[in-house]
Amino acid sequence: MSAIAQKKGFGSALWDWLTTVDHKKIAILYLASGGFFFVVGGIEAMLIRIQLAVPDNSFLSAGLYNEILTMHGTTMIFLAAMPILFGYMNAVVPLQIGARDVAFPFLNSLGFWLFFFGGIFLNLSWFMGGAPDAGWTSYASLSLYSPGHGIDFYALGLQISGAGTYIAGINFLVTIINMRAPGMTYMRMPLFTWTTFVASALILFAFPPLTIGLFFLIFDRMFGANFFDHTMGGNTIIWEHLFWIFGHPEVYILILPAFGIFSEIFAIFSRKRLFGYSAMVFATVLIGFLGFMVWAHHMFTVGLGPTANAIFAVATMAIAVPTGVKIFNWLLTIWGGSIKVTTPMLYALGFIPSFVAGGVTGVMQAAAPLDYQLHDSYFIVAHFHYVIVGGVVLAILAGLHLYWPLMFNTMLSEKLGKITFWFFFLGFHATFFIQHFLGLMGMPRRVYTFIEGQGWDLFNFISSMGAILMAIGVIVLVINIVMTTVKNVPVGNDPWKDGRTLEWAIPQPVPFYNFKRTPLVRGLDTFWIEKQEGNKEGMSYAEPLSDIHMPNNSFIPFVMSLGLFIAAFGALYNGEKAWAVPVLVIGLGITLASMATRSLKDDHGYHIHKEDLMDHKGGNY
Amino acid sequence: MAEEVKYTPQTWPEHPETANLEGKNKFLGFWLFLGGETVLFASLFATYLALKNKGPEGMEFTTQSLFELPLVFVMTMLLLTSSLTSVYAMYHMKNFNFRGVQTWMAITVLLGFGFLALEIYEFYHYVHIGFTYSQSAFSSSFFTLVGTHGLHVVIGLGWIILLMLRNAKRGLSIYTAQKYYTASLYWHFIDVVWVFIFTVVYLMGVMS
Ligand code: HEM
Ligand SMILES: [Cu+2]
């Protein structure tokens with residue numbers, strides 16, 4: 001069977017995207033849907049800043065403000081940042097370790113569709129009686145009593161998309177452990193692969209507590225359970241523990257891949273080996289490990305007692321140590337390098353001071369007595385935006401430029417890229433730097449308006465102006481993407497000229513089977529080594545040319561996720577609409593039937609024959 | 001293709017479950033999945049311990065008044081035995097004896113159904129005397145913990161039955177052997193969780 005190079009009509013192209021199990025295409029699906037949700041969350045952010053631009057504003061009602069604020073946080077974390085990072089992981093990690101695909105291509109597709117349907121479900125709340133309004137943390141003492149179905153959309157939507165994330169986490173763990181090319185020892189793994197590995201391990205252990213917390217919330221609200229209702233013996237603090245046992249590792253799930261992207265960028269554009277590679281690896285693992293022991297720093301003011309607070313305060317401060325190690329290693333990578341300030345490098349350079357500022361406020365909050373002052377104020381808002389926007393979002397934007405040629409074989413405009421950077425970077429600092437002081441001056445977070453004349457007016461106005469600069473930056477980025485796509489100028493191999501690792505050694509556009517022959521990895525930065533030795537092909541090989549085994553495409557993941565999507569409506573309207581229970585049963589039936597189909601059919605994949613490979617150069621996009 | 005090879009007991013590999021890359025991936029992936037499941041149950045156990053015997057003012061239900069060890073003991077024996085019989089099935093798989101695999105898996109399923117029947121009876125009994133799901137925080141956390149385990153048993157039974165049916169004609173191959181192996185791993189996990197439920201919920205409940 002020759003599956004190589006066929007022209008496709010629209011219908012079959014769509015079918016191809018719905019059924020694909022190719023990690024490179026799933027990467028694009030993640031990037032596109034994550035990008036879409038990023039824009040949605042960004043619009044919500046703009047609405048928030050418009051409302052807060054002036055005192056006593058009535059642009060948004062209090063209730064609507066709560067919904068928008070909740071959806072902004074939830075969307076950005078679960079539906080924008082994480083999926084976009086998954087997009088990069090899918091695009092890069094298999095290539096970086098010299099694999100033909102991830103370990104479970106079918107599950108890779110399932111993970112994406114679960115995330116996608118979960119996100120759509122959550123956002124449908126806007127059109128079906130109102131969005132969730134208890135904050136992205138959805139504390140049970142608030143969320144249990146929130147009228148309407150908003151919270152139910154939150155709990156069920158996150159449950160579905162969380163299942164997708166969990167599957168993706170396991171997939172990357174197995175891929176990285178089992179599928180590395182010969183010679184790719186653990187201590188030769190590029191940093192992005194390492195951080196993906198540790199972030200996946202965090203997903204594996206952090207998502208189950210969230211699953212349980214969400215189930216409790218669903219059962220309490222929809223099926224008459226009493227986990228959080230104290231009049232029935234329940235305890236609302238249980239939600240807070242479960243949420244933060246998930247929630248703190250979650251912020252590291254976001255930032256570790258971001259660290260990975262920046263580590264790649266610093267090495268590539270300083271044209272130097274990453275300084276202190278083994279210390280970087282150690283710091284990554286240590287951060288992952290400590291990330292599980294600090295969740296109660298979000299609960300200092302709950303009243304866990306001085307002993308608990310002291311332990312968690314010290315543990316939290318300890319995380320600053322491996323983080324500091326990383327910062328110094330990046331600085332020493334640049335030091336003495338022959339630096340090229342490309343757009344990704346510009347983001348990386350902007351990242352260091354921004355993230356350090358966020359880390360410093362983090363350590364301040366880690367001091368429990370001080371946190372009694374800072375907690376639930378705008379200081380906290382400033383802190384987490386410094387680490388998330390100044391860390392994760394800058395990495396996402398840097399990664400977009402860096403990996404665009406790998407994913408699409410075109411290059412985003414450097415000029416427009418730099419314009420975006422400056423608008424975004426200055427806008428970001430204008431928006432959030434000043435919020436530290438608003439917090440210190442006593443402005444609480446999550447308020448829909450404030451009274452004039454408390455000294456908060458000017459700072460809030462500046463903050464809103466900064467948000468506009470960020471929005472301009474994003475608009476320029478969108479223009480950049482559209483223009484690049486329309487022009488469609490192919491860039492070919494090693495587009496940045498200074499690629500160091502295997503993903504840059506592969507021919508462009510990347511063939512759908514990735515490597516014709518499994519590469520042999522000869523050291524850290526193996527592509528760099530080959531280039532230094534004058535190897536024109538850029539790769540050594542570990543095997544002769546032979547047949548390649550490929551997985552079949554499948555529509556089952558889509559149907560399986562659709563079933564859960566349908567079932568969620570049944571659960572949501574349980575006890576209210578007569579059709580609720582039948583819909584719940586039908587939805588679960590669809591999912592179970594598609595699981596059974598998957599199990600009953602033998603699916604051995606197919607082979608690309610040696611002869612077909614011989615004269616095949618590029619991919620077939 | 002590897003799947004087409006006809007094996008004999010002599011050529012059958014020692015460890016069919018990890019005989020090829022797909023098998024190795026499944027093996028590792030499933031162990032990792034069980035790691036996550038462990039955290040899932042740990043969260044349920046922690047919640048149960050926090051809410052044990054907690055209810056509305058004047059609630060008369062306590063672990064002591066509720067649990068009856070003889071019934072739970074029989075359930076435990078059924079499930080432990082079913083774990084043993086699934087080991088026998090794996091033993092026959094190693095020896096390339098497909099009939100042995102099917103027979104012992106069938107016995108495993110029967111024992112599993114025995115356990116499930118008793119659990120349903122137990123739940124029915126509690127609900128009958130007023131200890132319903134909505135009665136208290138205690139009842140919610142009890143039913144959720146033990147019920148989640150029960151749901152795992154149901155899924156495990158469905159899975160093993162499906163495997164036995166789908167492979168009845170296909171027989172043993174590397175491809176099918178890996179499926180049996182993961183299913184039996186899952187079954188053992190269910191068994192281990194039950195040991196903890198037996199100890200933490202029932203034994204500790206009756207003692208204190
Ligand atoms: C040196 C490292 C860090 C330390 C010591 C630190 C410490 C803290 C502390 C103590 C709080 C709780 C403050 C309060 O609510 O009273 C907090 C909140 C938060 N941090 Fe960090 N943090 C660090 C890094 C990060 C990173 C890397 C991220 C994300 C990428 C992050 C995201 C957040 C978020 C989202 C919150 C607020 C959650 C909420 O209440 O909505 N932090 N941090
Ligand atoms: Cu934290």
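This note comments on the predicted model shown above, taking confidence, chain B, the interface and the metal site in turn.

1. Confidence. The structure is a predicted model, and its overall scores are ipTM 0.95 and pTM 0.95. For chain B the average pLDDT is 93, and 97% of the residues score at least 70. Where pLDDT is low, the predicted coordinates should not be read in detail.

2. Fold of chain B. Chain B contains 6 helices and 0 strands. Read from the N terminus, its elements follow the order α-α-α-α-α-α. The C-alpha trace of chain B spans about 70 × 30 × 25 Å along its principal axes.

3. Extent of the interface. Contact between the two chains involves 39 residues of chain A and 37 residues of chain B. About 3,000 Å² is buried between chain A and chain B, and carbon and sulfur atoms give 68% of this area. On the side of chain A, the residues that lose the most area to chain B are A:F227, A:M232 and A:H604; together they account for 16% of what that side buries.

4. Polar and charged interactions. Between chain A and chain B there are 14 residue pairs in polar contact, with both residues at pLDDT 80 or more. The count of salt bridges between these chains is 2. A salt bridge links A:D602 to B:R170, with 2.9 Å between the closest N and O atoms.

5. Elements and composition on the side of chain A. Four helices of chain A, namely α6 (150-178), α7 (191-222), α8 (237-270) and α19 (580-600), each supply at least two residues of the side that touches chain B. The largest share, 8 residues, comes from α7(A). Classified by residue type, the side of chain A that touches chain B has 23 nonpolar, 13 polar and 3 charged residues.

6. Metal site. In ligand 1, the iron atom has a single donor from the protein: the NE2 atom of A:H383, at 2.1 Å. A:H383 belongs to helix α13 of chain A, which covers residues 378-408. The copper ion (ligand 2) is 4.5 Å from the iron atom of ligand 1.

7. Points to inspect in the structure.

Key
Residues are numbered from 1 along each chain as its sequence is written. Chains are lettered from A and ligands numbered from 1 in the order in which they are written. This is a predicted model: local features need pLDDT of at least 70, side-chain atom pairs count only at pLDDT 80 or more; totals for chains, interfaces and linings use all residues. Side-chain values use heavy atoms; hydrogens and water are left out. Contact means heavy atoms within 4.5 Å. Buried area is the accessible area (1.4 Å probe) that two parts lose on being put together, summed over both. A salt bridge is a side-chain nitrogen of Lys or Arg within 4 Å of a carboxyl oxygen of Asp or Glu. A polar contact is a pair of N or O atoms within 3.5 Å; within protein, one must be able to donate a hydrogen and the other to accept it, and residues adjacent in sequence count only if both atoms are side-chain atoms. Ala, Val, Leu, Ile, Met, Phe, Trp, Tyr, Cys and Pro count as nonpolar, Asp, Glu, Lys and Arg as charged, and the others, Gly among them, as polar. Donors are N, O and S atoms within 2.8 Å of the metal (3.2 Å for Na, K and Ca); water is not among the atoms, so sites may look incomplete. pLDDT is the predictor's confidence in each residue, from 0 to 100.
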